[in-house]
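Here's a quick tour for someone meeting this protein for the first time. Take a look at the sequence and the structure, then read on.

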Amino acid sequence: MATALALTAGGCVTVHGEVAVVPSVTKAEAAKTLREFTAAYNAADKAHDPDLDAAHVTGALGAINQAGLTSRGVTYPEGNPQHSPLELTDAEFAIPKKAGWPRFFVADADSNRDRDDSAGDNRWLIVFLRTGPDDAWQAAYLTILFPRLIPELKTDEDGFAEPVALDSTALAHAPRDLGEKYASYLETGKPEVFEDGPHTSGWRDSRKKEATRPGRSKQYLDEPLNRDDYAPLALATEDGGALAFFTVRNFERETAAKGVRIAVHPDVKALLRGEVHSSLTKERVSSQAVVVPPAGGGGKVAVLGRLTGLTSAKGA
């Protein structure tokens with residue numbers, strides 16, 4: 001297959017790579033990429049050193065990973081006392097055919113962080129991104145899902161997945177619009193295009209409960225991240241819909257009344273700029289994995305999973 005498609009060992013197209021519709025990567029290189037990511041992830045987690053896996057992450061996952069390691073490197077400067085090596089096995093790869101750059105593929109693997117054949121059994125879905133022929137593969141999205149939630153992807157006769165254009169009209173909602181609609185929904189409850197669940201109505205409810213507490217209040221602001229390595233990515237599903245990944249940025253500002261002290265968690269303090277007197281603003285990056293229904297059916301977007309991490313904090 002690799003020879004027929006004129007792929008090099010690095011997955012680059014040797015002739016007219018910018019216009020030819022080809023698989024994004026060979027399965028052998030996809031497996032190698034996953035192994036290298038896992039090794040770097042373990043080294044960085046053990047040492048609490050973001051430099052050790054910085055070359056292997058980007059986008060939403062990169063922002064969350066790097067900030068988290070930076071924070072824990074301050075609170076645990078000697079390294080991770082509870083480090084347990086991550087193992088990713090039984091990997092399957094959804095590799096789309098596409099022209100030009102960026103290119104991506106999805107690794108679906110079993111981890112050693114759960115109990116197989118139990119109610120907590122899950123799979124790690126990692127979206128790897130490559131932005132040009134001279135760039136390395138990097139993990140841009142991570143979602144951990146129960147196997148029953150992972151949709152059946154559409155594949156061709158050779159087993160390759162089908163990418164979905166960001167402005168696709170075949171879907172109820174174009175992938176490029178998901179971040180903006182989700183950010184608006186979190187703030188206002190509209191547009192009502194998302195199914196109820198822990199990452200939609202449940203998240204809004206928890207925010208409402210936290211918004212006003214004795215002596216303090218919280219305000220929220222959300223915005224889509226749609227550019228560069230944060231851009232949405234989507235693969236077609238068998239039912240005519242799509243499995244999509246997108247990113248939003250969340251701001252949470254806590255303001256205290258005079259004489260009320262705002263507690264600052266050590267993980268937050270490690271990323272804090274300024275001093276907390278009367279307010280604390282936290283910035284988070286949140287990546288979502290969703291199923292978008294096909295156009296015309298009236299279905300809503302189901303948010304399957306969400307990975308959110310603190311990336312900065314500011315006191316005032």
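Let's call it a contact when heavy atoms lie within 4.5 Å. Leaving aside residues up to four places away in sequence, L235 touches A94, P96, F104, V106, L153, A161, E162, P163, V164, G241, A242 and L243.

A word on the ground rules: this is a predicted model, where local features need pLDDT of at least 70 and side-chain atom pairs count only at pLDDT 80 or more, while totals for chains, interfaces and linings use all residues. Residues are numbered from 1 along each chain as its sequence is written, and side-chain values use heavy atoms, with hydrogens and water left out.

Now for the cores. A nonpolar core is a set of buried Ala, Val, Leu, Ile, Met, Phe, Trp, Tyr and Cys residues joined through side-chain atoms within 4.5 Å, and buried means under 20% relative accessible area, with a 1.4 Å probe and protein chains only. The largest core has 23 residues, and V106, V127, Y141, L235 and F245 touch the most other members. Elements giving two or more residues to this core include α2 (59–75), β4, β5 and β6. A second, separate core of 21 residues includes A30, L34, Y41 and L88.

Next, a sheet. Strands are DSSP runs of E, at least two residues long, and helices are runs of H or I, at least four, numbered from the N terminus.

Finally, the rings. Rings of Phe, Tyr and Trp (its six-membered ring) pair if their centres lie within 6.5 Å; planes under 30 degrees apart are stacked, over 60 edge-to-face, and the rest tilted.

| Pair | Centre to centre | Angle between planes | Type |
|---|---|---|---|
| F105 and W137 | 5.0 Å | 70° | edge-to-face |
| Y182 and F194 | 5.3 Å | 70° | edge-to-face |

F105 lies in β4 and W137 in the loop between β5 and β6, so their pair ties together parts 32 residues apart in sequence. Both F105 and W137 are buried, and Y182 and F194 are buried too. F37, Y41, F93, F105, F128 and W137 form one aromatic cluster.

How values were computed:
Buried < 20%, exposed > 50% of the residue type's maximum accessible area, 1.4 Å probe, protein only.
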